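Me: I am new to this structure and would like to know what the terms used for it rest on. Please show it first.

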Amino acid sequence: MKLLKYGLVLPLISISFIPAYQGAEIIGGHDVTPHSKPYMASIQIFSMGKYHHNCGGALISRNWVLTAAHCEISRINAKQPLRVVLGAHSLLQDENQQSLYVLNQVPYPQYKRQTAQNDIMLLKLKGTATLNKFVNILKLPNSNKDVKSGTICNVAGWGFTNIITQQTPKVLQEVNVTVVDRNLCSKYYTYHPAITTNVLCAGDKKEDKDSCTGDSGGPLLCKGNFNGIVSFGCRCGIPKKPGVYTRLSTKYLSWIKKTILNSDFQ
């Protein structure tokens, strides 16, 4: 998913985002084979008497989820603890699902909301996930090797299927997107300073294929490797405005490992 240009307004909770969209619906995609992505996490907020999907994420250990920093929810606004749902295909069905509350939100220390730089966050879960065929861990990449332009990648999420009516899909959606050269992507985003080696741009030159609002924080897999996190873009499904993903570069991988190992919350 992507940030809306001026922000994403969720039921009863107003959250100010960066001046671009940060993750929305999966555009031009299709239903995921049930439980073929057991690492997918639905990060949910409580409003209007129940929990609602807000962002995506990936389970990277039994008690940590990796997502985008712009998905952070203010404790002042939160009426109930943030919740993570694992093992879901349809969010409307409880079968095979595990729900865990979030103990701590840990955004990258140098995250800059106004420019979307360093848009990455760890969530420490209150309790541990039970691993099985419905819930499993997505391994972090073994190296910080960059992803070449032209590489086909895959992204999934439960974001809106219609951003105007805020319709949501019945089941998890996925779409293949192609990595775009950063120099070209920078020309598409001339107003935005965040196209650095710490991000990946991906979309489709001919078709409306993209991530969008509600998909933020979800994992981008390239050749089966976990290489990125849905971060931001300009509207959804526009060929000359590809989605931008936080790349799991050396500095982020080091921060993730250090945070988990040295956490005072374990």
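This is a predicted model: local features need pLDDT of at least 70, side-chain atom pairs count only at pLDDT 80 or more; totals for chains, interfaces and linings use all residues.

Me: What makes Glu174 and Lys37 a salt bridge?

Reply: A salt bridge is a side-chain nitrogen of Lys or Arg within 4 Å of a carboxyl oxygen of Asp or Glu. The closest N and O atoms of Glu174 and Lys37 are 3.3 Å apart, so the pair is a salt bridge. The pair links distant parts of the chain, 137 residues apart: Glu174 is in strand E13 (residues 173-180), and Lys37 is in the loop between strand E5 (30-31) and strand E6 (40-47). Strands (E, at least two residues) and helices (H or I, at least four) are DSSP runs, numbered from the N terminus.

Me: How many salt bridges does this rule give?

Reply: The count comes to three. In one of them, the side chains of Arg182 and Asp146 meet at 2.8 Å, N to O. Arg182 belongs to helix H1 (residues 182-188), and Asp146 to the loop between strand E11 (121-125) and strand E12 (152-157), 36 residues apart. Arg247 also meets Asp146 in a salt bridge, at 3.6 Å, N to O. Salt bridges that share partners join Asp146, Arg182 and Arg247 into one network.

Me: Why does Arg182 count as buried, and why is Asp146 called partly exposed?

Reply: Buried means under 20% relative accessible area, exposed over 50%, and partly exposed in between (1.4 Å probe, protein chains only). Arg182 has 18% relative accessibility, so Arg182 counts as buried. Asp146 has a relative accessible area of 34%, and is therefore partly exposed. Arg247, at 10%, counts as buried.

Me: How do you know that Thr246 is buried?

Reply: Thr246 has 2% relative accessibility, so Thr246 counts as buried. Thr246 is found in strand E18 (residues 243-247). Leaving aside neighbours within four places in sequence, Thr246 is in contact (heavy atoms within 4.5 Å) with residues including Asp119, Ile120, Asn198 and Tyr252. The side chain of Thr246 reaches the backbone oxygen of Asp119 at 2.9 Å.

Me: What makes a space a cavity and not a pocket?

Reply: On a 1 Å grid over the protein atoms alone, a cavity is a set of points where a 1.4 Å probe fits but cannot get out, whereas a pocket is an open set with protein on both sides within 12 Å along at least five of seven lines. Lining residues have an atom within 4 Å of a point. The structure holds two cavities of 30 Å³ or more. The largest cavity has a volume of about 50 Å³, and His35, Lys37, Phe134 and Leu172 are among the residues that line this cavity.

Me: What is the volume of the second largest pocket?

Reply: The second largest pocket has a volume of about 380 Å³. Of the 17 residues that line this pocket, the closest to its centre are Lys145, Val147, Cys222, Asn225 and Asn227. The largest share of the lining, three residues, comes from strand E17 (residues 225-232).

Note on methods:
Residues are numbered from 1 along each chain as its sequence is written. Side-chain values use heavy atoms; hydrogens and water are left out. A polar contact is a pair of N or O atoms within 3.5 Å; within protein, one must be able to donate a hydrogen and the other to accept it, and residues adjacent in sequence count only if both atoms are side-chain atoms. Grid points are joined across faces, edges and corners, and a volume is the space filled by probe spheres set on the points.
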